[in-house]
Amino acid sequence: MGVNFDLFGDPVAANHGERGRPAHVPTQQNRNRVSMLVGLGWSNERIAGAMLITLPTLRKYYFSELKLREVARDRLDARLAMKLWEQVEAGNVGAMREFRKVQEHNDLMLFGQRRSAVDEKPADRIGKKEAAIMAAQNPDQGSRLGELMALRQDQQRLNS
């Protein structure tokens with residue numbers, strides 16, 4: 001007896017139409033789908049809803065795909081780059097342009113990481129009292145009080 005498939009190409013369980021919910025059968029296609037959706041940043045709830053399974057079922061059958069959430073985006077980008085590179089080697093001009101865009105995007109990410117690591121220095125933390133003293137010594141220049149205090153300081157400099 002052959003295996004029956006539904007409209008989406010998923011196998012129909014043997015107990016279809018009988019009592020109880022049919023057991024979920026994880027296929028390689030579903031594993032790839034979960035990996036892709038994790039790489040796109042989807043939440044577990046959203047993935048389970050898209051696959052028409054419950055959250056515990058998702059965790060049970062696709063645990064290994066879900067635990068790679070930290071590197072899933074990088075793996076997805078690497079897979080896309082490899083597919084583009086295959087097209088570039090085949091001489092596809094559109095793929096060459098697209099690969100150049102991916103390469104420029106990657107360079108910008110690398111530059112941003114290096115730049116932020118070098119340029120950012122931890123700021124000296126000041127307490128509430130020091131902040132209040134600094135605010136009192138440097139009043140807001142946009143307020144009327146700030147303008148009056150600046151005029152007063154200018155007059156004191158001229159008189160000294």
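A residue counts as buried when its relative accessible area is under 20%, and by that criterion 14% of the 160 residues of the protein chain are buried in this predicted model. The secondary structure of the chain comes to 8 helices and 0 strands, so that, from the N terminus on, the elements run α-α-α-α-α-α-α-α.

**Chain as a whole**

- The protein chain exposes about 13,500 Å², and carbon and sulfur atoms supply 56% of that area.
- Among contacts between residues at least 6 apart in sequence, 38% join residues that are at least 24 apart.

**Nonpolar core**

- The largest nonpolar core has 12 residues, among them Val34, Leu37 and Val38, then Ile47, Ala48 and Met51, and also Leu55, Leu58 and Leu66.
- Two or more residues of this core come from each of α1 (28–39), α2 (44–51) and α3 (55–61).
- Leu66, itself a member of the core, touches Val34, Val38, Asn44, Leu58 and Arg59 when residues up to four places away in sequence are not counted.

**Largest pocket**

- About 710 Å³ of space lies in the largest pocket, to whose lining α1, α2 and α3 each give two or more residues.
- The lining comprises 22 residues, of which Asp10, His24, Met51, Leu52 and Ile53 lie nearest the centre of the pocket.
- By residue class, the lining divides into 12 nonpolar, 6 polar and 4 charged residues.
- Met51 and Ile53 belong to the largest nonpolar core and are also among the lining residues that lie nearest the pocket centre.

**Leu52, between α2 and α3**

- Leu52 is placed in the loop between α2 and α3, and has a positive phi of about 60° although it is not a glycine.
- For context, most residues other than glycine have a negative phi.
- Is Leu52 buried or exposed? With a relative accessible area of 69%, Leu52 is exposed, because the cut-off for that class is over 50%.

**Trp42, between α1 and α2**

- Trp42 lies in the loop between α1 and α2, where, not counting residues up to four places away in sequence, Trp42 touches Leu37, Ile47, Ala50 and Arg69.
- Two of these partners, Leu37 and Ile47, are members of the largest nonpolar core.
- Trp42 and Arg69 are 27 residues apart along the chain, and their C-alpha atoms are separated by 9.8 Å.

Key
Residues are numbered from 1 along each chain as its sequence is written. This is a predicted model: local features need pLDDT of at least 70, side-chain atom pairs count only at pLDDT 80 or more; totals for chains, interfaces and linings use all residues. Side-chain values use heavy atoms; hydrogens and water are left out. A nonpolar core is a set of buried Ala, Val, Leu, Ile, Met, Phe, Trp, Tyr and Cys residues joined through side-chain atoms within 4.5 Å. Buried means under 20% relative accessible area, exposed over 50%, partly exposed in between (1.4 Å probe, protein chains only). Helices (H or I, at least four residues) and strands (E, at least two) are DSSP runs, numbered from the N terminus. Contact means heavy atoms within 4.5 Å. Accessible areas come from the Shrake-Rupley method with a 1.4 Å probe; for residues, only the protein chains shown count as cover. On a 1 Å grid over the protein atoms alone, a cavity is a set of points where a 1.4 Å probe fits but cannot get out, and a pocket is an open set with protein on both sides within 12 Å along at least five of seven lines; lining residues have an atom within 4 Å of a point. Grid points are joined across faces, edges and corners, and a volume is the space filled by probe spheres set on the points. Ala, Val, Leu, Ile, Met, Phe, Trp, Tyr, Cys and Pro count as nonpolar, Asp, Glu, Lys and Arg as charged, and the others, Gly among them, as polar.
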